[in-house]
Amino acid sequence: MKIHEYQAKMVLTEFGVPVPRGRVADTAPLAGAIAQELGGTVVVKAQIHAGGRGKGGGVKLAKSPQEAEQVASQILGMMLKTHQTGPEGQQVKRVLVEEGMNIRQELYLGIVIDRKVGLPVIMASSAGGMEIEEVARTRPEAIVKVHVDPATGVTGFHTRKLSFGLGLDGDLLKGAADFVTRLWRAFGTKDCSLAEINPLVITADGRLLALDAKMNFDDNALYRHPEIQTLRDLDEESPLEVEASRFNLNYIKLDGNVGCMVNGAGLAMATMDIIKLAGGEPANFLDVGGGASAEQIENAFRILISDANVRAVFINIFGGILRCDRLAEGVIKAVKTLGVSLPIVIRMEGTNVELGQRMLAESGLNFLTAQGMKDGAEKAVRAARGA
Amino acid sequence: MSILVDKSTRVVVQGLTGKEGTFHALACREYGTKVVAGVTPGKGGIVHEGIPVFDTVAAALAKEGANTSLILVPPAFAADAVLEAADAGIRVIVCITEGIPTLDMVNAARALQGKDTRLIGPNCPGIISPGKAKVGIMPGHIHKPGRVGVVSRSGTLTYEAVGQLTARAIGQSTCVGIGGDPIIGTTFVDALRLFQADPETEAILMIGEIGGTAEEDAAAFVRAHVGKPVVGFICGQTAPPGRRMGHAGAIISGGTGTAAEKMAAMRKAGITVVKSPAEMGQAVARLLPPARAAARMAARPVSSGPARKKGRGAAKSRRPVAGRKPRALARPRTRRAK
């Protein structure tokens, strides 16, 4: 799960990670009032989940409360386009108004799970403000990494390795050790999948501050962090995906016109791939899971076809725990209830396949059946073209 | 032979008395697996569906000689179940549970290091040696005893592959689902090492997916240590970057973990990579050596150095072992009954 910068800074503050003074505003007058309160130059920052906000015109300086209000009125409500949003952009509903800083140096600090090693890794780089992937490609020597065993947590040598690697000295060494330790605590305590401070700045007066902050959380661990769950912003997610998540369905909207419904994530990805190989484009990823009920199948079907681009549906099920008869029951019910007129290609295999196929045949509905994935994909792509 | 599970496997099901636990324990038993015990803390002493239930794994091991554990407990308790099984001395732990917090698995995997315990999963369908033992949730009836080892990060896509093999009358030595999470116990490399050492396995099918670099590591291992023919498929060739495709581990992040990269690395290592998931069975059929080569293969130990001589890799042969005939032993003789 992703959260906004202002929310991440609130979470980090709980752990004593230093951040600039500031507050969030959802109206221009409030932004002006916050600027008044802070005094001096402020930064007005659009709050959307996507990165690259500055380049897209979502981050502006203001020298007075009046200017802050004016800048905020421009940013609020705008469709902000960055390399991480879609071409239509993402609407800005809030801005973060923060005190301006005199910056001596910009650094990078981030924590993620290193899958290969099986441990969290803390990464630091002297190339602050740049995306870490970009630094890894162009200047890998600028990145310092330390893996941390949760059993010991961050210890002195970890922070020394990071600090000396960044070329810090004097009073900054202690400040950096403290900063890293606090960020580590936040990462572990809140079950983050990513905690990234980019840039981490050294101010002209020698303080370390999280100028920007990004935190993502492990969805599997959200059950033990109700306070983090409340930070979810549904406006940042596709409405169909939100709807799907209510029924425990894994749905991701894509741009094609062949809707697909599959059990299991791997088979669902493979189904998208084979649609493409058959000359079509998948409209979505949809994994109904191993033990889907007839009701879940019905909901999945409803969500799938509410995407207006869908011209044909390909149902590809390899029944294991999910029995083919249960699938057939759900699909038949969905088609009858929703009055679907789209061509539907069904490929079923596995547990109770004969029963499932008999149910489909006897339903009186016009399903196209397929022998194998390839046949199914080709039939669905053809049907999508014809419709 | 086969790998990890066989006739000597004695299973304790952690979470036996739950709905999932009961359903799958019975399916495993019906397949012929020796399901000797169940563990549900607080229910020790009862007999559930003819299976004795214990409060602890240690008791199940002491009383019933369990050597393998099948974990079907909810995500919040699964990492603890893994640790308990390892502590009791279980040798093979199969964790089916999906949705375990990543940091819980980091800790559990760390704790298993240096122990003589193998963890399979989590978030996996389990492991089956057809005709011998099924320790997992896969449909047993689609499998057939035979000579192909299957290793995969997926569940149903593995069934699809197995279905394609069985339809061609090609049996499997062992099929192992290693799981779709970012932190897993047994990796592709571990499974490949075991298959290479298993005299009954003559060809290997590996099914990967986007995210992480496990397939690249596997490719490097195949290049250096695997003499048997390997067929590969990677799903997620059309997956958009930055999105988690169902599995917690299936995500292209920062431009790495793409299907294209993995397929290229695997091809470079001499693995026959198919683009279409409909061609997995066919590709194995083409590469599977004739039965008479079996004895020769069986004698091959896992080499410590590169399996291939210089020059052979440069011959652009997709078949990792020179001189092997491409002709399939088992052409599609029977179509599976529909």
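Predicted model: local features only at pLDDT ≥ 70, side-chain atom pairs only at ≥ 80, totals over all residues.
Hi everyone. In total, the structure holds five cavities of 30 Å³ or more.

So what lines the largest cavity? Among the residues around it are Leu107(A), Leu109(A), Ala124(A), Phe179(A) and Leu208(A). Strand S7 (103-114), helix H5 (156-166) and helix H6 (171-189) of chain A each give two or more residues to this lining. By class, 11 of the lining residues are nonpolar, one is polar and none is charged.

Now over to chain B. The second largest cavity has a volume of about 50 Å³. Its lining includes Pro125(B), Met138(B), His143(B), Cys175(B) and Val176(B). Which element gives the largest share of that lining? The answer is S11(B), with three residues. This lining divides into six nonpolar, four polar and no charged residues.

Hold on to Val176(B), please, as we turn to the cores. The largest nonpolar core has 101 residues, and Val176(B) is one of those that touch the most other members, along with Leu70(B), Val151(B), Leu205(B), Met206(B) and Met245(B). Helix H9 (residues 265-277) of chain A gives this core its largest share, eight residues. Beyond its neighbours within four places in sequence, Val176(B) is in contact with residues including Ile3(B), Ile120(B), Val151(B), Ala191(B) and Phe195(B).

Finally, another core of 70 residues lies apart from that one, with Leu162(A), Ala186(A), Val39(B) and Ala88(B) among its members.

Notes. Residues numbered from 1 in each chain as written. Chains lettered and ligands numbered in written order. Heavy atoms only, no water. Core = buried A, V, L, I, M, F, W, Y, C linked by side-chain atoms within 4.5 Å. Buried < 20%, exposed > 50% of the residue type's maximum accessible area, 1.4 Å probe, protein only. Helix = DSSP H or I, 4+ residues; strand = E, 2+ residues; numbered from the N terminus. Contact = heavy atoms within 4.5 Å. 1 Å grid on protein atoms, 1.4 Å probe; cavity = no way out; pocket = protein on both sides within 12 Å on 5 of 7 lines; lining within 4 Å. Points joined across faces, edges and corners; volume = space filled by probe spheres on them. Nonpolar A, V, L, I, M, F, W, Y, C, P; charged D, E, K, R; others polar.
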